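Subject: Handover of a structure, with notes

Dear colleague,

Please find the sequence and the structure below, followed by my notes on what was found. I would be grateful if you could read the notes with the structure open beside them.

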Amino acid sequence: MSDEMENRFLAKVKKTESCWLWMGAKTPTGYGKIAIRHGLIIYAHRYSYEIDVGPIPKGMFVLHSCDVPSCVFPKHLSVGTHQDNLKDASLKHRWQFGKIGTWEISPMKAKKPNWTLTKEEIAKVKELGKTHSTRAISMMTGVSKSHVHYLVKQ
Ligand SMILES: [Zn+2]
C-alpha cells in the first residue's frame, strides 16, 4: 500500500463524531468504492480495513458494526464469514452481490452468459487469472468456471 494511495484515500473521507463517511464514488447499495491499479474497483471499507488492520483473510467479508454502508472507520469494521454477511444483509435488506473472497465489486452481472462478455470484461478475467483461482474468478464475475479457464489459458 503506497503512501500516495493512502493519502488519496483519506482525502475522500469525512470524519464525523461517529463515522468516517466516504465522500467518493459509491455503489448503488451505498458502499464506498475506490479504483486501484489496472482499473480494478474495490470497496472503500475493505480498503480501509486493509490499510489499518492488514490483509483480509481469503473468503472473508468486512462487516459494519455501525450499519452505515459508506462508513470506512476501521473501528467500525470487522471481518466475518460469507454466512455472517448474508445474515447481516438479509436483516437489513441490502444484500446485492454474492461475491466471495476478494475485493471485486461486480463489474459483470451475476451469471452473465459467456457470449455477452465485452472486450473489457474478457481482459479483466484474464487479469484476475494471474492472481486468482478459476473458481474465485467465476464466483466474482458470474462467468462459468469452464469459460474462465478457457479465457485465462488463451
Ligand atoms: Zn461507522
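A residue is called buried here if 20 or more other C-beta atoms lie within 10 Å of its own, exposed if there are 12 or fewer, and partly exposed in between, with the C-beta atoms placed from the backbone.

Two points on provenance come before the rest. This is a predicted model, in which local features need pLDDT of at least 70 and side-chain atom pairs count only at pLDDT 80 or more, while totals for chains, interfaces and linings use all residues. Residues are numbered from 1 along each chain as its sequence is written.

Overall organisation

The protein chain has 6 helices and 6 strands, where helices (H or I, at least four residues) and strands (E, at least two) are DSSP runs numbered from the N terminus. Read from the N terminus, the order of elements is α-β-β-β-β-α-β-β-α-α-α-α. Of the 154 residues in the protein chain, 24% count as buried.

The nonpolar cores

A nonpolar core is understood as a set of buried Ala, Val, Leu, Ile, Met, Phe, Trp, Tyr and Cys residues joined through C-beta atoms within 7 Å. The largest such core has 11 residues, namely F9, W20, W22, Y31, I34, Y43, A44, Y47, C71, V72 and F73, and at least two of its residues come from each of β2 (20-22) and α2 (44-52). A second, separate core has 9 residues, including V125, I137, M140 and V148. Returning to C71, a member of the largest core, its contacts beyond the neighbours within four places in sequence are C19, W20, L21, H45, H64, C66 and H76.

The loop between β5 (61-64) and β6 (77-80) also holds D67, which is not a glycine and yet has a positive phi of about 65 degrees; D67 is partly exposed, with 13 other C-beta atoms within 10 Å.

Helix α5 is largely enclosed by the rest of the structure, because 6 of its 8 residues are buried. These are T134, A136, I137, M139, M140 and T141, and what covers them includes α4 and α6. Just after α5, G142 takes a positive phi of about 85 degrees.

Two packed helices are described by the angle between their axes and the distance between the axes. The axes are lines fitted to C-alpha atoms, for helices over the stretch in contact, and the angles run from 0 to 180 degrees between N-to-C directions. The axes of α5 and α6 come within 9 Å and cross at roughly 115 degrees, which makes the two helices roughly perpendicular (angles under 35 degrees count as roughly parallel, over 145 as roughly antiparallel, 65 to 115 as roughly perpendicular and the rest as oblique). In this contact T134, R135, I137 and S138 of α5 meet K145, V148, H149 and V152 of α6, a set that divides into 3 nonpolar, 3 polar and 2 charged residues. For these classes, Ala, Val, Leu, Ile, Met, Phe, Trp, Tyr, Cys and Pro count as nonpolar, Asp, Glu, Lys and Arg as charged, and the others, Gly among them, as polar.

For α4 (residues 119-129) and α6 (residues 145-153), the axes come within 9 Å and cross at roughly 80 degrees, and α4 and α6 are therefore roughly perpendicular as well. Here I122, V125, K126 and G129 of α4 contact V148, L151 and V152 of α6, giving 5 nonpolar, 1 polar and 1 charged residues.

Finally, V143 sits in the loop between α5 (134-141) and α6 and is buried, with 25 other C-beta atoms within 10 Å. L117, in the loop between α3 (82-92) and α4, is partly exposed with 18 C-beta neighbours inside 10 Å. The C-alpha atoms of V143 and L117 are 8.7 Å apart, while the residues themselves are 26 apart along the chain.

With kind regards

Notes
Two residues are in contact if their C-beta atoms, placed from the backbone, lie within 7 Å.
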